[in-house]
Structure formats: C-alpha cells, structure tokens
Amino acid sequence: MRPVNAKLLLALLSTLNSLAHAELSRQTIFKSSGSLPSDKLIRTQWDFADQPSINSTSHLVFNTVDSLLQHWPNTRYRNGHNIIPATIPVGTLLYHGTYKQEVPNVPEWVATDPEHSYLFCRSLNETSGCWQLTLVTTRPLKVLYFDGSSAAKMFGGPMDSQDLAIWGEVKPERTMQEKERIVEICKWGEQYGLDGFLSEIMLCDFTAGVQTASFVSLAPARGGPPKWNPPPQDDAHPKPSSPHPPTRSPMFYATLYRVMESGSWHNHFPGDIRIVLDYSRLISFYDTATFPSLQTPRFGQKRLEHRLDKISKDDAKVLQARLKEALLETAEGSGSGVNWKGLMKVVTNRYAERLEVLQYILNSTASSTSRLDADINIKKAHRHIRSMLVPYTLYSAVPPERGDALRTDSQSWAAPVFELCATMHTSYMDSAAFANLMTPSESVILDSVKGVTKEICRVLVGMWAEGMEYGLSDPEVDTYQSLQGESSQNSQELITRWSTKVANLMGWLDWSHWLRCRPACSYEEMCYLPTWPFIFSKKPFPKLLPGSFMSWIEEPRHMPGDKGVWDEDRWEDPQPMCVRRVEPFAP
C-alpha cells in the first residue's frame, strides 16, 4: 500500500469542508423560501434590481404603526391612517380642568397630564380659583385610538378617520362642532361597550370605570386666559366675557411652556406607556387589499396630503364591518402573541442612526474635488456597510475574481446575503402553522416589516456587493492611500451613486428619527414641532368670531420664543424649531 500524502489529504479535506459549508449555507438561506429551486428565487424575489412597486404601502404601514402613541410623528403627519382598540389600565390618572366644582354628567374630555387639563382650569371671578378634577381608573377602560392629530380641530384631514367611524363619510363642516362630535361618537360606541376615544381622551361616562381621586381649587395662572361668564347649558367651554385678550404675564408663558413640555415626554418611543394597544386588531387605511379605493387618490401625492375623504361607499362599509369584528372580539387569546411594537423598534434601532452616519460619510466629500478624499471616503463607507451586515455575511458569499469574464452586474452571488438580511427577523413567521395564529391585522403588519427590511437590505447589500467587486475589502488597501486602477477611477462615481441610493432609501422610509432641530437647540431651548393650537397660519382655522373659544390667542399666534409670523409653506409641512424653555419665553 502506498503511503498517504499528508498534504494532499489535507487539501482534499479542506476542499470537501468548503463545499459542505457552501452547501449548508445555501440550504440554510433558502430553507424558508418554499420549494422553488434557489436559482429561481435569486432571479425573482432576491433580485437587486427589484425595487418596491410605486403603489407599495409597506413603508407607510410600517411607519404609521411604528409611530402609534408617539406625539412627534403624529404631529407632523396629522392625518391619521390607523384605528386600533386599546385599554387604559387600572390605576391610571386622568385630569379634567373646569370652571365649576361639578363632575360632568355628559361626555367630556380628559387629559393624561395635568398640565394639559390646566389650560381649561378656569375661574369665574377675581376672588375664586379654578377647578381641576383628577380621576383614577378602577378597571381597564375600553377605548378606541385614532392616530394622527385626531384631537386637533383642523381642516384638511385630521378628523377623517373619526368621521368615517361615526358617520360613514367625511364631514368637514363638522370639524369645529366638538360638543356634537363627542356626543355622537359616544353614542356610536355604546354598541361596542366603549368607554372612550383618544388621542386626547374623550370619556363617555365619568361614573363608569373611574372614580374621583381629587377635586381641588387651584390658583389660576395670572395674565392667562380671561375669566369665564356662566355658560349656556351643557357648554363644555364657556365663552369669555370680552373678545379682547388680556395682557400676558411671564407666569402665563411659563405655564404654556409646561404644556408643550409635558407633551414632549411622549414624543418618541415608547410613546405614552399608559395606553395599551391591541395590534392584533389594528385597522390600517394603508392596507390596499381592504381599502382599494384610497389607492388612486393617493397616487402622486406627498404623504402630508394623504386623506381619507375619497374613500368609496363600499370601502366605508367594509370599515364598519372591520370595526364591528375588532371591537366585539375578546382581547384575550387572540392573535399570535408577537410583540409587534418591539419588533419594529428592533428594525429602526438597527438602521436609523447607522443609515444617517452612512449618509454623512458619503456626503462629506460632496464639495471636494480631491481624488484622495473620494478614495478615503468610499473605503470608509464600505467598511461602515460591511460592519452593518456582519450578522448576514455568509462565508460562502464570494464575488467573482476581478476581471473575470463571467462577471456580471447581477450580483447574484450576493443574493443569499440579501435574503438572510431581509428575513432574519421574520422567517420563522412564514410557516403555515404560524400563519394560522395571526389575525388579518397582524398579517398586514408582518407584510410591512418584510417589505421594509427587504428594501433596506436590497440597498445596503447591493452597495456592499458592488464594493466587494471593486476590491474595497482588500486588507492590503490602506484607508489613507489612493486606490489604484479601476477602483480609483470609479470612487467618485460610487460615492455619487451610493449617496443617491441612501438618500432615496431614507426618503422612502421617512422615519421620524431623522426629523429634528438642526443645528441642535441650546440648553435653554427645546426642540418643538408646531401643531394646533400653537401655530401661526390662519389656514387650518375657520374665521373666529369675537368671543369664540380660543379667540383669546392673539393674532398672529406666537409661540414662546418665536421671532415672527410663519408662512403658509411652513404650516403645510411643519418643521422642528427651537423654542425657549427658560425665561424670557416671549420676544
């Protein structure tokens, strides 16, 4: 018997091990993709040229669901597109400011923060204080949540979803009829045993599921809103005795700032944690399968212009059927049990800041003509992308040799990385057994997560693969040296192309994480996103009659620390601004 050649044996074992590793990787990556052969999948589902359809709403469903109960994104996109059942847990405090020591015996508004209700804490004369009622929930309150700025009396769409729930059609003429609205919506909710509605909570019965924790007379803010005359019967907000606004005091502006400040506590994740949402029964108007009539009116419009007023009568009836189904179900035991709020936060945590840093790296040479600067930054950008994709970079995913005649622009060799990146968080949900556990609402949310992660990974893995093909991962290429040959000639071209791809991706995602004051506010300021009623444009308001509610706010409606009057464009697309949180508040 011939002696065994050790080197030959080791080489053979190494080759067999590499082949086994590659085969295992291929089996693993396509495990959840059905019975189609892998080459078929690469050409269809995981094609880097396969951009989202122009009619896709996965990013819109993801964005709105991820933003529920968060003040900041729902302030910018005030026209809500979700209705979702919720509960207010036992022991939650609710506040109601008023001008008299009487617990309301009709539907009324309550706030989750006392600063908000204090705006409505009124005194009847110079010698009396104002009244603040504090309630505590004694059982879970069953409520229905409308996202967006659905508590704001503005024209243009914030109350569309409420209108559709109450009347089955949008009624802009009833925008300012707040008393009629709360009575009608509470009457409608009786059939479902609803205790109230929110953004700002509309409580239907002050004796059901709540009890008085305190009812105290507070000192009113001096130089604030005018004293109230005795109102007409059942008027929730009495009319001032004079149409002329009083002189403002520093204390009034300080109190006004406290309202804005308390609202900012719920600006971002996790939002208002005193409300518990049931994602398994969510209704999204961006669900094109359920509300197809809204798809055409949205086409070509900016998201700020999306409304529900063009919904068909048939789809409005579908909404009522969905609401009935959602509100008559028992919350316990329904749905898959997936923590959708947590899953979406995992996705945004992974990519929000990293994409912003990538954009910064790519844009840092925008004004430079230096080839060395471009070479250095493209290598930095590629390393940044590679580090983001570490959990998905399969050992078997290797680009063709540079200059290989078989090299193409399809980057099909990187498709397994693309798929693993896109399906990491959702592949276990693709089984038939799991699908049977999910409600239709959860299927809509799942599709949105899959659509968003797929597009993020399509762009990032595509850039990673392109950089790999150009040799940007070569360990012998020093960061601060110019590239050679083909890579050097294309570094500026890559920067321009990648910068455009990242900008388009971030624009498509449109996450509120990227909407903030730039430059950052000083320590004596806070970043504020203007909303009703602290705005400067008359456009969203009807003509205010002398003595009407809110007419005590001067024209123009100045914010604390504002230097002037806003124009219409800034109201159409509200942008963050720095306002003072330390005196002097007003100019």
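Q: Hi! How many aromatic pairs does the structure hold?
A: This is a predicted model, and it holds 11 aromatic pairs.

Q: How do the rings of Trp-46 and Phe-418 sit, stacked or edge-to-face?
A: They are edge-to-face, because their planes are at 80° and the cut-off for that class is over 60. The ring centres are 5.1 Å apart.

Q: And where in the chain are those two?
A: In distant parts, 372 residues apart. Trp-46 is in the loop between helix 2 (38-43) and helix 3 (58-66), while Phe-418 belongs to helix 13 (residues 415-423).

Q: Are Trp-46 and Phe-418 buried or exposed?
A: Both are buried. Trp-46 also has Lys-454 over its face, at 5.5 Å from the ring centre.

Q: Nice. Which residue lies over the face of Tyr-77?
A: That's Arg-303, at 3.7 Å from the ring centre.

Q: Back to ring pairs: which residues do they link into a cluster?
A: Phe-146, Trp-188, Tyr-192 and Phe-197.

Q: Switching to helix 11, where is its kink centred?
A: On Thr-348, with a kink of about 30°.

Q: What span should its 24 residues have, and how far apart are the end C-alpha atoms?
A: At 1.5 Å a residue, helix 11 (residues 340-363) should span 34 Å, and its end C-alpha atoms are 34 Å apart, so the two agree.

Q: Which residues of helix 11 are buried?
A: Among them are Trp-340, Leu-343, Met-344, Val-347, Tyr-351, Leu-355, Leu-358 and Leu-362. Thr-348, where the kink is centred, is buried too.

Q: Why would residues three or four places apart point the same way?
A: Because an α-helix has 3.6 residues a turn.

How values were computed: Residues are numbered from 1 along each chain as its sequence is written. This is a predicted model: local features need pLDDT of at least 70, side-chain atom pairs count only at pLDDT 80 or more; totals for chains, interfaces and linings use all residues. Side-chain values use heavy atoms; hydrogens and water are left out. Helices (H or I, at least four residues) and strands (E, at least two) are DSSP runs, numbered from the N terminus. The expected span of a helix is 1.5 Å times one less than its number of residues. The bend at a residue is the angle between axes fitted to the seven residues ending there and the seven starting there. Buried means under 20% relative accessible area, exposed over 50%, partly exposed in between (1.4 Å probe, protein chains only). Rings of Phe, Tyr and Trp (its six-membered ring) pair if their centres lie within 6.5 Å; planes under 30 degrees apart count as stacked, over 60 as edge-to-face and the rest as tilted. A charge sits over a ring if NZ of Lys or CZ of Arg is within 6 Å of the ring centre and within 35 degrees of the ring normal.
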